[in-house]
There are 2 protein chains.
Amino acid sequence: MSASFLHSLMNPKSIAIVGASNNPMKMGTMHALSIIKDGFKGKFYPIHPSEKTVLGLEAFAAPEDLPEAPDLAIFVLPSKYLLGFFESFGRVGTKSAIVITAGFKEIGVDGAALEQQLKDMAAKYGMRFIGPNCMGLVNREADLNTTVMPLIGKPGHLGMISQSGTYVAQTIVYLQKRGIHFSKAVSVGNEADVNIIDVLEYLGEDPHTNAVAMYIETIRDPRRFLEVAKKITPRKPVIAQYVGGSEAGGRAGLSHTGAMAGKNYLYDGLFRQAGVIRVDTVEDLYARGWALATQPPIHGNRIGIITNSGGPGSAIADTCEANGCVMPIFSASLQSKIKPLMPPHAPCGNPVDLTFSMDMGIMTDTIVDLVMQSGEVDGVVLHGAMSTGFMKAVFPHVSHLLPGIALSDLVNQTGRQLSATASKPFDNGIPMTVSSFFDRDDAYTEAYEDAGVPVLDAPEKAARAMASLVQYKKIRDRGPDTHFSLADADPFAAQIIDDAVINAQSALDEYAAKKFLACYGIPVPDERLVHDADGVVAAANDIGFPVVLKACDPDILHKSDQNLVHVNIMDVDAAIHSYHLIQEAAGRPVPVLAAKMISGRRELLAGITCDAQFGHCVAFGIGGVLTEALNDITYRLAPLGLRDAEEMIAEVRSAKLLGHYRGMPPADVSLLAAILVRLSKIPLLHPQIIEIDINPLILSGSQPVAVDALVVLK
Amino acid sequence: MSASFLHSLMNPKSIAIVGASNNPMKMGTMHALSIIKDGFKGKFYPIHPSEKTVLGLEAFAAPEDLPEAPDLAIFVLPSKYLLGFFESFGRVGTKSAIVITAGFKEIGVDGAALEQQLKDMAAKYGMRFIGPNCMGLVNREADLNTTVMPLIGKPGHLGMISQSGTYVAQTIVYLQKRGIHFSKAVSVGNEADVNIIDVLEYLGEDPHTNAVAMYIETIRDPRRFLEVAKKITPRKPVIAQYVGGSEAGGRAGLSHTGAMAGKNYLYDGLFRQAGVIRVDTVEDLYARGWALATQPPIHGNRIGIITNSGGPGSAIADTCEANGCVMPIFSASLQSKIKPLMPPHAPCGNPVDLTFSMDMGIMTDTIVDLVMQSGEVDGVVLHGAMSTGFMKAVFPHVSHLLPGIALSDLVNQTGRQLSATASKPFDNGIPMTVSSFFDRDDAYTEAYEDAGVPVLDAPEKAARAMASLVQYKKIRDRGPDTHFSLADADPFAAQIIDDAVINAQSALDEYAAKKFLACYGIPVPDERLVHDADGVVAAANDIGFPVVLKACDPDILHKSDQNLVHVNIMDVDAAIHSYHLIQEAAGRPVPVLAAKMISGRRELLAGITCDAQFGHCVAFGIGGVLTEALNDITYRLAPLGLRDAEEMIAEVRSAKLLGHYRGMPPADVSLLAAILVRLSKIPLLHPQIIEIDINPLILSGSQPVAVDALVVLK
């Protein structure tokens, strides 16, 4: 649905613009020039109050004067004039708009009110629009460019969605110099109507877009983002930069597009859950997106490195390994084929290092074919292909010996056809990235880039781009996202909540909290709530020693700090003694929880948090005393599928703890995952709950047990 | 000393080269051409077996035929001919050499033997040399370039030391296009004689070098590196990339320059101890090195961001904050000065975001001055300065409206003098980095770069470059490195070691280990070694309950896994019972350690490791059951100064644990630091020790206590 209205918006047959004139240095004029000069084939109507012609085209004083209702209206005029024109277009029947004009939500309350009026008006006339405060869009398929920057180069296969106009428009020259080309690119501005999720959905279905890159300052609807992205990422890579996670980054975004920044760790969890690859820099966004958009899919993580210089070879190997790739040592058979092609003693075990070699074809064709066809690697990173760039660099010296020979003679003379060289990854079905210190000044760089092979200006960048393919493979290969539904709310659990609500409690007491969790199959210790010493004795005998005694009162937090918890009680006398000590420490009669002592040195946590923007999220990580010091916790939006839970368990930094560890048995991961899945559905069944905190969730042998629990109510 | 011989090597008055000819495509010729064409003012003598002239200069058949003993000989000939020529130069009295020739240690045993012969010969004639298997050097001060690539551009202030020739030579074009210039650069190759430490020492004293960048595959003598770097880094920044830390990176380095790779975490510790800034990519090495070499010193971490685009502004803010900077909100007074210069509603609180602005001077001059002179920031990151680059980009469209006007007219017309603009950081004494998507095609980029202001091609890179200045400030500001010496070896401690050696023990038993550590002031629990139940009772009564009982035998490891440790014993009966259980579990009579029970939920570790390359190192981090799962351990070369110990304690990821934490008191950091310092000196006093492992080192309240200890002997 979104996709279909965006298809109309991005493929108009006729366009009108308000704000273009004959002054070449005005923004509106520059937007109009891009439409005229970059090949738009439809009708184009400038609206101008006084001029008869604008940019050589007949100009019209008002939308009502146009010979037809244009499919798309573009607004580049001061915000105070916007609404009038916008309404006129609505009246004549225009259904799509791009509002370049700024001065809305991003400037504060007055702007936000104006933005609301704009939205209301669009709704009134059934119009959809991009912006305000945006830079327009590019659709190479339709030869449409509504930004201020001329398009250069051929269409590509990278789709771009940006909350910064710069990354769609002002970077065009940067991208062209690097051979990176968009299929479609949309600057979404304040997202008063169309937002990045709509565009993501559209590009997810766009046959000309092989990968989607996103620059993000906020995701206004994380849940819809998740649903949309999850459908796309199994078949098309999505890569994203999010910059709102720091205090200063968030503040900057707010004044930029009125973006409300969210917590970095929640974005991390959202991206992982959605199968979106997160990057930290716009360079990486473009570079990795470029590799993902152009290269054949990778089928494993074995990388072959071919280089003519040891330093870059080592750096590529180091960076690949740090990013999930392996560099297998080539078989004797493969090495024996490569060796005769190399200088004596040059290493050919992977990296293949030709050292300073002058016969480029050996490296870029023969050896690349041998390695790609060996069956021993899944991808290749190449460093050092160069010809004319090198020649130009050394010519000032070498010309000394070449009297009468011009640089152009030399460059033309080396004009080996490089199209076969540059198509190696596609011919062999093995993805490749190239590292070169020579830019498009060099014939190799140009040939590779024009054939769709990314050439990065640093070995580590080429390695990271290759690693992105491996990272995407893991996403593509994720098992299905199995949501199994929970039955209806458990009546006993519902009763526990109702009782607490009636008592005006802000949280369940520990006993009630664990009883509640037990209703949903979360393992808790065998325990009893007792009110006197006799009760303690009966309970302890029933449960079996050793036992733990804890004060149990919803008003008492931080029990262990106040001597209200006694552990490892071995016999009846000790139990009675502890009971009295607890009453004494509490300073008033308090109920006491007598529980089976759960022993285990591995303390985890699991919980539910509620975030203003993200809603209910699930947390899992290392609990116990180290919780805050380690901050080794991972998050997902609730509810979880089983796959989500398994990924959470696998991705905590200290995941080693959950395996065979120091003589302890591996954690029961399927039970852990089931606990997280069940936990994640509780807020749906009991909307009164805003927070659940199980900490510690102790591994007793293999088995997780919720030893302490907090359930907070609205 | 090193510095003085390298000064001679790098400033020769006369040079001979073996391996140059009149064939322009031979390596030797290209090296020679660089010497001739890049301005070397001294005498230059080609050696050639048959030619009378080489490159227009008189050629000589052998060193003996030269009119003088050249100061420097350069060898670019097959390795089998090398020694003969090398010896001839030795005989005539040449004292310095550069051996470009490869085929030595990096190719295996035969090459290593040849390399040894080369070293022996150099020693025989008192010669010092760089290489073999290197790419030569650049000394801009002496107009000397012995690499294959022509030098371009003016001399700079970044010194480069590289174990890859590529990063000194083949990147010259890359660097020039980015405006980065070396003062001196040395490719060290296999380091048979001169190594990176020698060059570091030299560049540390070089007045033309403001910062040193190092590309490292191995540091052959970490201890000397530490001593040398520690002297330099308080007054000159040193920045390093190390790529040997992964399996594949290490393998690649070995076949490249015969480098033995070392453990990543030891390099991390070494760099921190030495005050060297570590980076992960060669791009960052150049980019940050550039900022460090050119910008005035920064005096705090408050960064002002000035931009004409919100996206880059947010990204700069986010990256700065993630790298230790703060972006203060500007005072009302400063904002009131900036506001009138900006479009209405444009944010000026920091970032200052002019939005798409055409009046560059307001941004790059007026606002930069206001912010720099405000006293509210210590550094500035600027994005979006552009003029001719932008013009060139939009000209294909705009020319539509400018009939008869050529691009060159337009570009020349905008020729505002930018020298005042580009000197702002120097005039105001406030460092600045610039982010621009326009390269030197743009007049602003060119002006900034030529004035020594780094222009990076991505906002995050400009932010990281600025953050490097802040990072270096911390290094510059480190307190003095106070080594306090330990007295002589403690006689009682020596006796413990001697007894164990006599008994042929490979390790001290736990009782002895703690007695030993106690000799050096390391706190251990009150404990007794007992041999029967009566002894247990006497000891426990003496120490006071609760106590711990442990089997104590150097042959028993992993005590806790075998029921050989009983904790929290509350009375005499329980103690006797535990004693018998331990004997039973051991299956034979074993001595038992009765110790005061130390309670504390914070478990650390401290220790000494011995690495083949690094020698004795000190480890500190999170101990207990989580040790391996967290791997939150930091290292330094032993012995430590107090500053080293304090830095170790501050830099563990979970350092929060050591403060006021969950109601627990802060750790006694000065005692912790003293423990690490004392520990670090033990291997010097007792060279028989190869490993000490104190784990857990429990915080009992604030006080660290060595609850378990292992001392391993050679």
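Which residues have the most contacts inside the largest nonpolar core, and how many residues does that core have? The largest nonpolar core has 475 residues, and A:L676 and B:L676 have the most contacts inside it. A nonpolar core here is a set of buried Ala, Val, Leu, Ile, Met, Phe, Trp, Tyr and Cys residues joined through C-beta atoms within 7 Å.

The model is predicted: local features need pLDDT of at least 70, side-chain atom pairs count only at pLDDT 80 or more, and totals for chains, interfaces and linings use all residues. Residues are numbered from 1 along each chain as its sequence is written, while chains are lettered from A and ligands numbered from 1 in the order in which they are written.

View 1. Leaving out residues up to four places away in sequence, A:L676 touches A:A606, A:V618, A:F620, A:L640, A:A645 and A:M648. Two residues are in contact if their C-beta atoms, placed from the backbone, lie within 7 Å. In soluble globular proteins, nonpolar side chains tend to be buried together.

**View 2. Domains of chain A.** Chain A is assigned domain 1 (2–292), domain 2 (296–391 + 424–476), domain 3 (480–525 + 599–714) and domain 4 (526–597). These bounds come from an automatic or database domain assignment. Between the C-alpha centres of domain 2 of chain A and domain 4 of chain A there are 66 Å.

**View 3. The side of chain A that touches chain B.** Here 90 residues of chain A are in contact with 89 residues of chain B. Elements giving two or more residues to this side of chain A include α2 (27–37), α8 (247–257), α11 (310–322) and α19 (459–476) of chain A. Helices (H or I, at least four residues) and strands (E, at least two) are DSSP runs, numbered from the N terminus. With 11 residues, α11(A) gives the most to the side of chain A that touches chain B. The residues of this side of chain A divide into 45 nonpolar, 30 polar and 15 charged. In this division Ala, Val, Leu, Ile, Met, Phe, Trp, Tyr, Cys and Pro count as nonpolar, Asp, Glu, Lys and Arg as charged, and the others, Gly among them, as polar.

**View 4. Helix α8 of chain A.** Of the 11 residues of α8(A), 10 are buried, so the helix is largely enclosed by the rest of the structure. A residue is buried if 20 or more other C-beta atoms lie within 10 Å of its own, exposed if 12 or fewer, and partly exposed in between, with C-beta atoms placed from the backbone. Among the buried residues of α8(A) are A:R251, A:L254 and A:H256. Their cover includes α11 (310–322) and β16 (352–353) of chain B. Just after α8(A), A:G258 takes a positive phi of about 65°.

**View 5. Helix α20 of chain A.** The 12 residues of α20 (residues 491–502) of chain A should span 16 Å at 1.5 Å a residue, and the end C-alpha atoms are 16 Å apart, which agrees. The expected span is 1.5 Å times one less than the number of residues. In α20(A), the residues A:I496, A:I497 and A:A500 are buried. They cover an arc of only 90° around the axis, which puts them on the same side of α20(A). This arc is that of the directions from the helix axis to the C-beta atoms. The face turned away from the buried side of α20(A) carries exposed residues, including A:F492, A:D498 and A:D499. Elements covering the buried residues of α20(A) include α21 (510–519) and β29 (709–713) of chain A.

View 6. A:A504 is found in the loop between α20 and α21 of chain A. Its phi is near 60°, a positive value in a residue other than glycine. A:A504 is exposed, with 7 other C-beta atoms within 10 Å. In chain B, B:D143 is not a glycine either and has a positive phi of about 50°. B:D143 is partly exposed, with 15 other C-beta atoms within 10 Å.

**View 7. Cis peptide bonds in chain A.** The bond from A:N350 to A:P351 is cis, with omega near 0°. A:P351 is found in the loop between α12 (332–338) and β16 (352–353) of chain A. Another cis peptide bond joins A:N695 and A:P696, with omega about 5°. A:P696 lies in strand β27 (residues 689–700) of chain A.
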